[in-house]
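Take a look at the model below.

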Amino acid sequence: MLTAEQIVAAQKANIETIFGLTQKAFEGVEKLVELNVQATKAALSESANSTQAMLSVKDAQELLTLQASLMQPLAEKTAAYSRHLYDIASGTTAEFGKAAEAQANEAQQKFMSVVDNASKNAPAGSETAVAVMKSAVSAANNAMESVQKAVKQATEMAEANFNTVTSSAVTAAKTTAKKR
């Protein structure tokens, strides 16, 4: 059923997909490294500034005030870092998801082509078996689409929950800093 050219073309497409996904993975790693370098530079700078400020403190009340003033920016920066980290991970995951979905769609089309070709060449009297096979393939395709929709909804819900937790943490840090 498959010719040598079709097999070579399929292998070539698979290799291109693998290299494309590898490239996307490295882009994600590069973004992560860049984020961590920026965060480290900022942390070192802020640490030096905080140390200088603590060395100039004259009494305990001033030290408590200084500590309280450092908490809110720390919480906001931690939330921003987490958000950037999440964006990098979700962006890279989305690229992998798109590639997987495209591969699945292509495989479904090829399989349906094989089924159609087989049904055309099927012996007389096998129409019922061919119909059952087509029905099973259609049901499997519908199930796959349902799973993909459910995963997408779960991902959107997780992102909304992440955003809610992040904003709650920042708000809590602001409230705590104001109380001090």
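Is D87 buried, partly exposed or exposed? The model is a predicted one, and in it D87 has a relative accessible area of 34%. That value lies between 20% and 50%, so D87 counts as partly exposed.

D87 also has a partner. The residue forms a salt bridge with R83, with the closest N and O atoms 3.2 Å apart. Both residues belong to helix 2. They sit four residues apart, about one turn of the helix. R83 is partly exposed too, at 23% relative accessible area.

This pair is one of four salt bridges in the structure. Side chains of opposite charge can pair when their charged atoms come close.

Helix 2 holds another such pair. E95 forms a salt bridge with K98, and here the closest N and O atoms are 3.9 Å apart. The spacing is three residues, so about one helical turn separates E95 and K98. E95 is partly exposed, at 29% relative accessibility. K98 reaches 54% and is therefore exposed, the cut-off being over 50%.

Now move to helix 1. There E27 and K24 lie three residues apart, about one turn of the helix. Their side chains meet in a salt bridge, 3.8 Å from N to O. E27 has a relative accessible area of 27%, which makes it partly exposed. K24 is partly exposed as well, at 29%.

The surface has a nonpolar side. V29, V33 and V37 make a nonpolar patch of about 230 Å². V37 is found in helix 1. At 41% relative accessibility, V37 counts as partly exposed.

Helix 3 gives the largest share, eleven residues. By class, the lining of the largest pocket has eight nonpolar, five polar and seven charged residues.

The second largest pocket holds about 490 Å³. Its lining counts 18 residues, with A43, E46, P73, L74 and K77 nearest the centre. Helix 1 (4-55) and helix 2 each supply at least two residues of that lining. Ten of the lining residues are nonpolar, six are polar and two are charged.

Definitions and conventions:
Residues are numbered from 1 along each chain as its sequence is written. This is a predicted model: local features need pLDDT of at least 70, side-chain atom pairs count only at pLDDT 80 or more; totals for chains, interfaces and linings use all residues. Side-chain values use heavy atoms; hydrogens and water are left out. Ala, Val, Leu, Ile, Met, Phe, Trp, Tyr, Cys and Pro count as nonpolar, Asp, Glu, Lys and Arg as charged, and the others, Gly among them, as polar. On a 1 Å grid over the protein atoms alone, a cavity is a set of points where a 1.4 Å probe fits but cannot get out, and a pocket is an open set with protein on both sides within 12 Å along at least five of seven lines; lining residues have an atom within 4 Å of a point. Grid points are joined across faces, edges and corners, and a volume is the space filled by probe spheres set on the points. Patches are made of residues with over 30% relative accessible area and no salt bridge: like charges are joined within 9 Å, nonpolar side chains (Val, Leu, Ile, Met, Phe, Trp, Tyr) within 5 Å. Accessible areas come from the Shrake-Rupley method with a 1.4 Å probe; for residues, only the protein chains shown count as cover. Buried means under 20% relative accessible area, exposed over 50%, partly exposed in between (1.4 Å probe, protein chains only).
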